[in-house]
Amino acid sequence: MNPCPGPGLMQRAQQLKRSAWLAPAPQRLNSGLPVNIGVLFVPQQEAWVVERMGKFHRILEPGLNFLIPLLDRIRYVQSLKEIVINVPEQSAVTLDNVTLQIDGVLYLRVMDPYKASYGVEDPEYAVTQLAQTTMRSELGKLSLDRVFRERESLNANIVDAINQASDCWGIRCLRYEIKDIHVPPRVKESMQMQVEAERRKRATVLESEGTRESAINVAEGQKQAQILASEAEKAEQINKAAGEANAMLVRAKAKAEAIQLLAAALAQQHGSAAASLSVAEQYVSAFSKLAKDSNTVLLPANTGDITHMVAQALGIYTTLTKTQAVKTQDEIPPAHGDPQPPSTEVLKAEQATSS
């Protein structure tokens, strides 16, 4: 048999009970609910669900509240703050039959304390289980590559699925974030090899594109250089042709002026003697240059007879002059009267020709 408790223990138990009933404000403890002492102070961002004789009575708002002891009882305490729940790590199979280990973080808030108290037994546990099942179902719709690329869309789909199911529980899921995705070692090695191959492929493609661009630039440069060179050659030929034409015109004008001056000089007195002297000088100059450029020289029979050569040249000149004079007389109509005797120069030229 157990010995009866002493008077000291009885007094201590009565003091603890009295201090609990006379507490100025109830405190929310993890091991129990606030005690109804008639006057209660509800903290901010909390909702206390009160039952009267086992039936829902009302929800206490933050601040001062009055209840009837023994009849009213605080049955549930709901926090209206945003709650963060760690979703445990779980395994999921993707669309291409790859097993992943994935965990996440869930952010939710109690929107209706009545539904959160009477709609489900344990709201946090229910939402956690719903998040895990939804995560597995959403991962089963995606391949491994899309799981990493569409992480944001996956989070949004999980939040929508949780909100549709937790509406009757008075809980709203604000967001869901995937923390870690663990891939099997062999799959991870194959992914690394794929990434390396993709990078090598990209490097090869970029190098080939660079080579192509370089070849195109070189070809374009050569093309432009040829075009510019042809245009420069064309402009050079045009300028050269224009210069040659101008030079020919200048030479022709100079020759025409020289011929005019020579004709005027020959028409003067002793012009024939001056012409004979000029022809003799040119003959001597040409004869002095013989056999300088080549060993083969063709010479006339009477090379040393300078007088005969000069006379022959003057005869050719006189014949040409006489022919031109005849043409001029044919063009000019004959005048009435006696014909004029031939000029002295014509007679001298005829004598020289006959000699």
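User: Which strands each supply at least two residues of the nonpolar patch?
Analyst: This is a predicted model. Its nonpolar surface patch is made by Val39, Phe41, Leu64 and Phe66. Two strands, one spanning 39-42 and the other 63-66, each supply at least two residues of that patch. They are β1 and β4.

User: What is the area of the nonpolar surface patch made by Val39, Phe41, Leu64 and Phe66?
Analyst: Strands β1 and β4 each give at least two residues to the patch. With Val39, Phe41, Leu64 and Phe66 as its members, the patch covers about 380 Å².

User: Is Phe41 buried, partly exposed or exposed?
Analyst: Phe41 lies in strand β1. Buried means under 20% relative accessible area, and exposed means over 50%. Phe41 has 41% relative accessibility, so the class is partly exposed.

User: How many bridges join strand β2 to strand β3?
Analyst: Strand β2 covers residues 46-52, and strand β3 covers residues 55-60. The two run antiparallel. In this pair, Trp48 stands opposite Leu60 of β3. The number of bridges joining β2 to β3 is five.

User: Which residue takes a positive phi in the hairpin of β2 and β3?
Analyst: The hairpin has two residues between the strands. Most residues other than glycine have a negative phi.

User: Is Met53 buried or exposed?
Analyst: The cut-off for exposed is over 50% relative accessible area. Met53 has 66%, so the answer is exposed.

User: What is the phi of Leu70?
Analyst: Leu70 is found in the loop between β4 and β5, where β5 spans 72-79. With a relative accessible area of 82%, Leu70 is exposed. Leu70 is a residue other than glycine, but its phi is positive, near 70°.

User: What is the bridge partner of Ile102 in β8?
Analyst: Strand β7 covers residues 99-110. Nine bridges join β7 to β8, and the two run antiparallel. In β8, Ile102 has as its bridge partner Ile181.

User: What percentage of the residues in the protein chain is buried?
Analyst: The protein chain has nine helices and eight strands. It exposes about 26,300 Å², with carbon and sulfur atoms supplying 56% of that area. A residue counts as buried under 20% relative accessible area. Of the 355 residues in the chain, the buried share is 22%.

Notes:
Residues are numbered from 1 along each chain as its sequence is written. This is a predicted model: local features need pLDDT of at least 70, side-chain atom pairs count only at pLDDT 80 or more; totals for chains, interfaces and linings use all residues. Side-chain values use heavy atoms; hydrogens and water are left out. Patches are made of residues with over 30% relative accessible area and no salt bridge: like charges are joined within 9 Å, nonpolar side chains (Val, Leu, Ile, Met, Phe, Trp, Tyr) within 5 Å. Accessible areas come from the Shrake-Rupley method with a 1.4 Å probe; for residues, only the protein chains shown count as cover. A salt bridge is a side-chain nitrogen of Lys or Arg within 4 Å of a carboxyl oxygen of Asp or Glu. Helices (H or I, at least four residues) and strands (E, at least two) are DSSP runs, numbered from the N terminus. Buried means under 20% relative accessible area, exposed over 50%, partly exposed in between (1.4 Å probe, protein chains only). Two strands pair if DSSP finds at least two bridges between them.
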